[in-house]
Amino acid sequence: MNHNQASQLIALLRTQLNLSQEQLAGRLNVAYATINRWELGKSKPQKAQQEAILQLMDEAGLVPDGIGDTPPPPSEVKPERRRRGVAHSQVLGTKPMEQMLWDAACQIRGEKDAPKFKDYLLPLLFIKRLSDVFDDEVQRLAETYGERDTALTVLDADPSLVRFYLPPQTRWPVISGRETLAWPAGQAPKTLGEQLTTTVRLLVKANPDLAGVIDTVDFNETRNGEREMSDKALKGIVETFSDPRYRLGLHDVEPDFLGRCYEYLLRKFAEGQGQSAGEFFTPREVGFLMAEILRPRSGEQAYDYACGSFGLLIKLQLVCRRLDPLSRIPLKLYGQELTGSSYAIACMNRIIHDMQGEVLRGDSMRNPKYRDGGALKRFDLIIANPMWNQSFDPAIYENDPFNRFEATGGVTTGKADWAWLQHTVASLSDSGRAAVVLDTGAVTRGSGSKNEDRERNIRRWFVEHDLIDGVILLPDNLFYNTTAAGIIVVLRKHKPKDRKGKIVLVNASREFRKGNPKNHLTDDAVTRIAAAYLRGEPLDGLVAVIDKAKAEENDYNLSPSRYLANGDAKVMREIPAIVAELAALKKDEARLDKELAKVLAQL
């Protein structure tokens, strides 16, 4: 099966079986990104995966007509033998991931304060991820060239055949001691810390894109004659990550695996130092809901000005491929991120998953990096989860060289939720659309107040200019840094005719499955919410559609819960009727007391 045959087979399977990329990935036990690569023709399934594809086709009664040479039936395809621990049985779930990170953190307890755990764990996790991905790519090339040694020789001559080239000294089996390496004379490291630091430097030299990504810590650092991190502790981390249960190759983890690891480490060990996990991470299902609502189209340019680990942009690409599986034109993805660790993860995630675009580091409010001359660069799509209720120096708004605020409803004070939406509008193309996650208070603050309120004034400007396509109220307790519900504000320039002058409000507060410690949206809930929103028609308890006049009547309170009770509505009754019913109940009570007294007297 060549690349073109694989692409056509996957397209046929998804079309005939009506499967999403996520569903097909689950049926074949591979990651979403793998399905993307097969459909794009950038790679082909390995032998065991070819067998699984053909078996699925056979079960469905499908015949791959018109796809070059007909592949052999499943019975004739022999599965490739794999080393123990390398088989791609299933995508690593949340619980095993957290167990892996907890076990690794336990290795350095006492040697480092908890907030510093991520500084040592993440670079080693990066290296393990790179090495496992490299092994997958070598295995793919070995099927082309006949054997692994030949594939490695070809790679030495042309490292561009893989995403990241790993010199022999940097490969995980060498780091873990499971393979021995003949180091050049005088270059053999004396300690594991020295070996790890050398590994990082060699990786950056071979892959300049990793500069500033993994070379963030010196594993061999010594102060006052003592190592900052002992070899014993480092060996414990390496051994934990070497467990066969924790393979991190192309097919073993979800696309934003590194982001999820960062979020866990931050939440578990660093948030006590004043850092908020929610500033960087959006729950997977919320990201997919946002992407489904935006309906990305091939070739569009997408932007996340608080991109964290690049997870929201990756989900846009995955949904784009599901909507148009035969297109060879990807989205162009652009992210800006302030925090160094998140920036590093974003860079790696983008490259590992073959996403076109770039990531720049900086503060998007103070110093937006994407510019077109003296103005902001404008994008077809914007997807973001900026820090909620953030505060900025008012001077940032008043002295803005891009005129993001005065021209779009005025300057806010205090919380920056609407300032981010103003930045969003300024960065949208004339036909652009956006989905932004904010605190629920962003759509209610100031409404009903007798005093002039700047946030309410900005909301009024957005409503009057018909920029708000809708608001979705999410369930409580989805986000790790808060139990608050959160909302998705959807913006759209030049709405289609049937949505002009309307705002679609969705109360999805009950669309969740109870979890411990956090609730989550099911895939069915995501599909149901997205479909109801895109349909844009009133639906009892779930969807309300209001116009500008209704928004004005409610003083620009745009909370879905104001218009939709979602099953919790109380029936309001007139007070005289209630008084009359109460009087009747008292009469009944008196009558029953008399009857009871007669019964007791007889006893």
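Contact here means heavy atoms within 4.5 Å. This is a predicted model, where local features need pLDDT of at least 70 and side-chain atom pairs count only at pLDDT 80 or more, while totals for chains, interfaces and linings use all residues. Residues are numbered from 1 along each chain as its sequence is written, and side-chain values use heavy atoms, with hydrogens and water left out.

**View 1. Ser429 and what it touches.** Ser429 sits in strand β9 (strands are DSSP runs of E with at least two residues, helices are runs of H or I with at least four, and both are numbered from the N terminus). Leaving out residues up to four places away in sequence, Ser429 touches Arg378, Phe379, Asp380 and Lys493. Is Ser429 buried or exposed? Its relative accessible area is 13%, so Ser429 is buried (buried means under 20% relative accessible area, exposed over 50%, and partly exposed in between, with a 1.4 Å probe and protein chains only).

**View 2. The sheet that holds β9.** Nine strands make an open sheet with mixed pairing, in the order β5-β4-β3-β8-β9-β11-β10-β12-β13 (two strands pair if DSSP finds at least two bridges between them). At the edges are β5 (356-361) and β13 (543-547), each pairing on one side only. On average, neighbouring strands here are turned by 15 degrees against each other, direction ignored (axes are lines fitted to C-alpha atoms, for helices over the stretch in contact, and angles run from 0 to 180 degrees between N-to-C directions). Zoom in on β8 (residues 379-384) and β9 (residues 428-438): they run parallel and are joined by five bridges. Ala384 has Val436 in β9 as its bridge partner.

View 3. Tyr303 and Tyr370 make an edge-to-face pair, 5.7 Å centre to centre with 75 degrees between the planes. Tyr303 belongs to strand β3 (residues 301-304) and Tyr370 to the loop between β5 and β6 (371-372), so this pair ties together parts that are 67 residues apart in sequence. Both of these tyrosines are buried. Ring pairs also link Tyr303, Tyr305, Tyr334, Tyr370, Phe379, Phe392 and Trp420 into a cluster.

**View 4. Inside the largest nonpolar core.** The largest nonpolar core has 107 residues, and Leu125, Phe257 and Ile488 have the most contacts inside it (such a core is a set of buried Ala, Val, Leu, Ile, Met, Phe, Trp, Tyr and Cys residues joined through side-chain atoms within 4.5 Å). Helix α6 (residues 117-145) gives the most to this core, with 13 residues. Not counting residues up to four places away in sequence, Leu125 touches Met100, Leu101, Phe241, Leu248, Phe257, Leu258 and Cys261. Apart from this core lies another, of 47 residues, including Tyr370 and Leu421.

**View 5. Helix α13 under cover.** Of the 13 residues of α13, 11 are buried, so to speak mostly covered. Among them are Gly311, Lys315 and Arg321. At 1.5 Å a residue, helix α13 (residues 311-323) should span 18 Å, and its end C-alpha atoms are 19 Å apart, which agrees (the expected span is 1.5 Å times one less than the number of residues).

Note on methods. Phe/Tyr/Trp six-rings, centres within 6.5 Å; stacked < 30°, edge-to-face > 60°.
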